[in-house]
Amino acid sequence: MAATVLMAHPSPDLYGSDRVFLESVVALADAGFQVVVVLPADGPLVPILREHGARVVFALTPVLRKAALRPRGFLQLAGTGARAVRPAVRLIREVRPDLVYVNTVTLPAWAVLARALRKRVLIHVHEAEDGVPAPIRLGLAAPLLTAATVVVNSRATERSLRRTLPAIGRRLRLIYNGVPGPPTPSVRRPDLPARARLVQVGRVSPRKGTDTAVDAAAILQQRDRDIELHIVGSVFPGYEWFEEELRARVSMQGLTDRVRFDGFRPDVWSAYDDADIALVPSRSEPFGNTAVEAQLAGTPVIVSDVQGLPETVDNGQYGAIVPADDPAALADAIEAALDDWPAAVKRADAAREVAIERFSPERYRAQIVSAVTGAL
């Protein structure tokens, strides 16, 4: 009889970590596992999960967010956690999984409850919270001790966990994200258009450095560079204030005809196809799916020098790296690419060839199946 895996994930959306989670589900379903996915709500990810043979259930789930660091947020999290225990225990007993796969450290309750019910646990860590106080980092990492296997998505994440919780070392397993490429590879334009088009794909949030991209666009406008910036993604719930500030910033800097807020797109490839350069100016990024997507699309990419992002471009071989939170450095890198466009295109072509192999879904799926089998 096939083993059953209960997979807990914090979001029903289709952003980077959601797409990686989908690859994990596909890997296990295709390998013959019975897959049950538990989500906190319905969303665009759900029909795709069902299409691949997963049973999807919804359950009240406490998800750790930064808001929980404030007194009101902590009380709300504690209240949700208390109400979630009974239904979670009931679901685990009903499903009777051979393994509980917890995707991200933001869902500690599932790992703790599963272990309390004597279930094997695998935790897939997509976070490297280097910028938070040590006691909070330790609190986030402590539930990992319930896991037989801890999968990490980059060497940066691995280093962060080893520093925070040395006892976890032997359980760690590095598996780079599997990122599917575009259905049809695009052909990069050999010549630049009169107005160069920049794109940033992903959540609109301070962590993603969207404001850095906007400020870089302002600097380029001051230098008489004819560019436009497209921001493709929606704001993370609770951060609506940030988008409002961004829009005000765009207006104040006279960029209303240069910066476009395109919103969320389920298919990101058209955004990359239309762009000349992709920007990933994050302030924290344990891996960086969008940097890989840009390479798979053959789009020259510029990333910030934080956490796992340099790994995605092989430490600068396949994309430019700039300091985080530095709009002038980002503007300089954009200008350098525009001024030597043939070299930028050549590097992007080489990046695509390497990324197809290095971050292939097939490689990722095989490694996830191996990790789950080992945890069992």
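Tutor: Let us begin with a term that we need at once: a cavity is a set of grid points where a 1.4 Å probe fits but cannot get out, and its lining residues have an atom within 4 Å of a point. Please keep in mind that this is a predicted model.

Student: Which residues line the largest cavity?

Tutor: The lining of the largest cavity is made by V105, V125, E127, A128, E129, R137, L140, A141, S160, L161 and T164. The volume of the largest cavity is about 120 Å³, and the search of the whole structure finds 5 cavities of 30 Å³ or more.

Student: What makes a pocket something other than a cavity, and which residues lie nearest the centre of the second largest pocket?

Tutor: A pocket is an open set of points, whereas from a cavity the probe cannot get out. The second largest pocket has a volume of about 240 Å³ and is lined by 16 residues, of which R19, L22, E23, P180 and W269 lie nearest its centre. Helix α1 gives the most to this lining, with 4 residues.

Student: How do you know that the span of helix α1 agrees with what it should be?

Tutor: The expected span is 1.5 Å times one less than the number of residues. Helix α1 (residues 16-30) has 15 residues and should therefore span 21 Å, and since its end C-alpha atoms are 21 Å apart, the two values agree. After α1 comes G32, whose phi is positive, near 100°.

Student: Which residues of α1 are called buried?

Tutor: A residue is buried when its relative accessible area is under 20%, and in α1 the buried residues are D18, V20, F21, L22, E23, S24, V25, V26, A27 and L28.

Student: Why is A328 called partly exposed?

Tutor: Partly exposed covers the range between buried, under 20%, and exposed, over 50%. A328 has a relative accessible area of 33%, and therefore it is partly exposed. A328 lies in helix α12 (residues 327-339), and, leaving aside residues up to four places away in sequence, A328 touches I219 and R223. A328 and T212 are 116 residues apart in sequence, yet 9.0 Å apart in space, C-alpha to C-alpha.

Student: What makes β10 and β13 edge strands?

Tutor: The open sheet of 6 strands has the order β10-β9-β8-β11-β12-β13, with parallel pairing, and β10 (259-261) and β13 (320-322) each pair on one side only, as edge strands do.

Student: How do you know that β8 and β9 pair?

Tutor: Two strands pair if there are at least two bridges between them. Strand β8 (residues 196-201) and strand β9 (residues 227-232) run parallel and are joined by 6 bridges, so they meet the cut-off of at least two. In β9, the bridge partner of Q200 is I231. Of the 6 residues in β8, 5 are buried, and β8 is mostly covered.

Student: How many bridges join β6 to β7?

Tutor: There are 3 bridges between strand β6 (residues 149-152) and β7, which run parallel, and so this pair also meets the cut-off of at least two. In β7, the bridge partner of V152 is L174. Both strands belong to an open sheet of 7 strands in the order β3-β2-β1-β4-β5-β6-β7, with parallel pairing.

Conventions. Residues numbered from 1 in each chain as written. Predicted model: local features only at pLDDT ≥ 70, side-chain atom pairs only at ≥ 80, totals over all residues. Heavy atoms only, no water. Helix = DSSP H or I, 4+ residues; strand = E, 2+ residues; numbered from the N terminus. Buried < 20%, exposed > 50% of the residue type's maximum accessible area, 1.4 Å probe, protein only. Contact = heavy atoms within 4.5 Å. 1 Å grid on protein atoms, 1.4 Å probe; cavity = no way out; pocket = protein on both sides within 12 Å on 5 of 7 lines; lining within 4 Å. Points joined across faces, edges and corners; volume = space filled by probe spheres on them.
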